[in-house]
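I opened the notebook to record what I looked up in this structure, entry by entry. The sequence and the model come first, and my notes follow.

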Amino acid sequence: MPIKLEDQDGNMVDVSQFKGKVIFINFFATWCPPCRAEIPDIEAVYKANGYNKKDVVVVGVASPGQQREQDLEGVKKFIKDHKISYPVLMDKRGEIFRQYQVYSLPTSFFIDKDLNIYAYIEGGINRETMDQAIDDTKSGKVYN
């Protein structure tokens with residue numbers, strides 16, 4: 001499912017440009033305590049994997065102005081205050097949240113190198129779980 005949105009700096013990001021890499025997409029909201037709790041681990045994964053320049057890409061997706069979420073400026077302030085340096089895509093109309101059927105927050109998707117959804121996890125996760133999901137997505141490991 002394609003994602004093409006502006007990030008927090010106004011740059012257009014087309015996730016399909018990352019074909020050939022594992023993509024970790026984290027859907028979150030500024031008001032969500034488990035979302036806030038996992039941000040430092042997501043930031044660490046982003047840095048440990050070469051700031052999206054190697055074989056793993058990390059992106060966040062927020063939905064400014066939708067339901068309980070802050071407006072665009074509020075979300076940008078949240079990103080700055082929480083020292084998020086990975087790209088956060090701005091789903092201003094909530095279309096990507098609906099397309100991915102994100103109904104609980106946070107929700108993380110792991111996309112394989114062929115742009116297929118490999119796995120998703122609802123709820124907050126820790127660094128160990130993030131790393132394991134990325135490794136499993138890289139290897140294509142199938143669970144019974």
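What percentage of the 144 residues of the protein chain count as buried? I found that 46% of them do, where buried means under 20% relative accessible area, exposed over 50%, and partly exposed in between, with a 1.4 Å probe and protein chains only.

Ground rules. I am working from a predicted model, in which local features need pLDDT of at least 70 and side-chain atom pairs count only at pLDDT 80 or more, while totals for chains, interfaces and linings use all residues. Residues are numbered from 1 along each chain as its sequence is written, and side-chain values use heavy atoms, with hydrogens and water left out.

Entry on the fold. I noted four helices and seven strands in the protein chain, taking helices (H or I, at least four residues) and strands (E, at least two) as DSSP runs numbered from the N terminus. Along the sequence the pattern reads β-β-β-α-β-α-β-α-β-β-α.

Entry on overall dimensions. I compared the radius of gyration of the protein chain, 14 Å, with the value near 15 Å that a compact globule of 144 residues would have, and the two agree; the radius is taken over C-alpha atoms, and the globule rule is 2.2 Å times the number of residues to the power 0.38. Taken along the principal axes, the C-alpha atoms fill a box of roughly 40 × 30 × 25 Å. Among contacts with a separation of 6 or more, 69% join residues 24 or more positions apart, a contact being heavy atoms within 4.5 Å.

Entry on surface and charge. The protein chain exposes about 7,700 Å², and carbon and sulfur atoms supply 49% of that area; the areas come from the Shrake-Rupley method with a 1.4 Å probe. I listed 19 positive and 21 negative side chains, the centres of the two sets lying 3 Å apart. In this count Lys and Arg are positive and Asp and Glu negative, with His and the chain ends not counted, and each charge is placed at NZ of Lys, CZ of Arg, CG of Asp or CD of Glu.

Entry on Y46. I located Y46 in helix 1, residues 33-48, where its 9% relative accessibility makes it buried. Leaving aside neighbours within four places in sequence, Y46 is in contact with Y51, N52, V58, S85, Y86 and P87. I also looked up V57, eleven residues from Y46 in sequence, and found the C-alpha atoms 7.3 Å apart.

Entry on the backbone. Most residues other than glycine have a negative phi, and most peptide bonds are trans. Y51, in the loop between helix 1 and strand 4 (56-62), has a positive phi near 55 degrees and is partly exposed at 41%. L115, in the loop between strand 6 and strand 7 (117-122), has a positive phi near 70 degrees and is partly exposed at 26%. The peptide bond from L105 to P106 is cis, with omega near -10 degrees, and P106 sits in the loop between helix 3 (95-99) and strand 6 (107-111).

Entry on distances. G140 lies in the segment after helix 4 (127-139) and counts as partly exposed at 37%. Its C-alpha atom is separated by 27 Å from that of L5, 135 residues away along the chain. D81, in helix 2 (residues 72-81), is partly exposed at 44%, and its C-alpha atom is 36 Å from that of G140, at a sequence separation of 59 residues. K53, in the loop between helix 1 and strand 4, is exposed at 70%, and the C-alpha atoms of K53 and P87, 34 residues apart along the chain, are separated by 13 Å.
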